[in-house]
Amino acid sequence: MIIDLGLIDYEDCYKIQRDMVQRRKLCEIDDTLILAEHNSVFTIGRSGRKDNLVVDENYLCARGIKVLNVDRGGDITFHGKGQLVVYPIVLLKDKWRDLHAYMYNLESVAIKLIDRYLLNPERCIGRTGVWVSGKKVASIGVGVSNWVTYHGLSININLDLEFFNMIYPCGMRDVKMTSLSQLIGKDISVEDIKDCVVSDFENVFNFGGVDFAPTEAPEMKS
Amino acid sequence: MTDVKLPSLAEGVDKATVTYCYKGVGDVVKEGEDLIELVTDKATFNLPSPVTGVIKQLFVCEGDEARVGSIIAKIE
């Protein structure tokens, strides 16, 4: 099942995710892929620290931008218009109960998308995400509850990259962020690539609403 | 008495950091309900209770490193 929530506040989307996680645990729903775009928000994962936010929180508050502590892995990141966020709600089974393998396959979804534009996307060992020419274009932070996944993958399409100058993305001071639009040198919208992302997700995860079973044999990271 | 062990989370991962305890000693827990939250790399993992019962012992606190295969809690 695919659910496109369009532009939705992060917290509202989170409530929907948690509700769907509970329903997936009870087998009331099939595996589901949620697509969303958020209004500007910074989120800090369980490994994160607020000092990786390099602007005053009051400055953001005055502009209606929240900083939220959230229950995903990873450090601080930014979500905003022009970024597609993909939230798979899937029950990991059997040999796929491997968090690294799951995240590897999420990376594969972004790699397949970016590869369509002949941009040579890469993984970086020890730095989860997808990179082009040393700049990060897609980020991953996940949660798993009773082996049902939530949170997920965000891909920068045409968002305002200035927001990333307000943080040390993922807690790393040397990270430069980029977007698909910046990389290809022309404006491309979230709407333009949604169908591609769904298709790439279906290919990587062999996702037909039946059982979650990735088609790629993941290579383990060090 | 049921021992709750930390399962394998990923190939090559032998421990994870406890980031939150949903339950404490003496609490009633239902089968499938989250007991603790752990984090490894870019993922959080909520360890569920395999049974319904009362938590008799909890061997980890927030901030602890839990090893895969170790007993996290005893539930009666």
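Modeller: Two strands pair here if DSSP finds at least two bridges between them. Strands are DSSP runs of E of at least two residues and helices are runs of H or I of at least four residues, both numbered from the N terminus. This is a predicted model, in which local features need pLDDT of at least 70, side-chain atom pairs count only at pLDDT 80 or more, and totals for chains, interfaces and linings use all residues. Residues are numbered from 1 along each chain as its sequence is written, while chains are lettered from A and ligands numbered from 1 in the order in which they are written.

Colleague: What pLDDT does chain B average?

Modeller: The pLDDT is the predictor's confidence in each residue, from 0 to 100. For the complex the predictor gives an ipTM of 0.92 and a pTM of 0.92. In chain B, 100% of the residues score at least 70, and the average pLDDT is 95.

Colleague: How many helices and strands does chain B have, and what is its radius of gyration?

Modeller: Chain B contains zero helices and eight strands. The globule rule (2.2 Å times the number of residues to the power 0.38, with the radius of gyration taken over C-alpha atoms) gives 11 Å for the 76 residues of chain B; the chain's own value is close to this, so chain B is as compact as a globular protein of that length, with a radius of gyration of 11 Å.

Colleague: Is strand β6 of chain A largely enclosed or open, and how many of its residues are buried?

Modeller: A residue is buried if 20 or more other C-beta atoms lie within 10 Å of its own, exposed if 12 or fewer, and partly exposed in between, with C-beta atoms placed from the backbone. In a regular strand the side chains alternate between the two faces of the sheet. A:Gln83, A:Val85, A:Tyr87 and A:Ile89 point one way from β6(A), A:Leu84, A:Val86 and A:Pro88 point the other way, and all are buried. Strand β6(A), residues 83-89, is therefore largely enclosed by the rest of the structure, its buried residues being seven of the seven.

Colleague: Which residue of β10(A) is the bridge partner of A:Leu84?

Modeller: Strand β6(A) pairs in the antiparallel sense with β2(A), residues 32-37, over five bridges, and there A:Leu35 has A:Val86 as its bridge partner. Four bridges also join β6(A) to β10(A), residues 148-156, again antiparallel. In β10(A), the partner of A:Leu84 is A:Ile155.

Colleague: Which element gives the most to the side of chain B that touches chain A?

Modeller: With contact defined as C-beta atoms, placed from the backbone, within 7 Å, 17 residues of chain B meet 21 residues of chain A. The elements of chain B that give two or more residues to this side are β4 (34-40) and β5 (43-48). The largest share, five residues, comes from β5(B).

Colleague: How many C-beta neighbours does A:Asn158 have inside 10 Å?

Modeller: A:Asn158 lies in the loop between β10 and α4 (180-184) of chain A. Not counting residues up to four places away in sequence, A:Asn158 touches several residues, including A:Gly82, A:Ser179 and A:Ile188. A:Ile188 is 30 residues from A:Asn158 in sequence and 6.3 Å away in space, C-alpha to C-alpha. A:Asn158 counts as buried because its C-beta neighbours inside 10 Å number 20.

Technical notes
Two residues are in contact if their C-beta atoms, placed from the backbone, lie within 7 Å.
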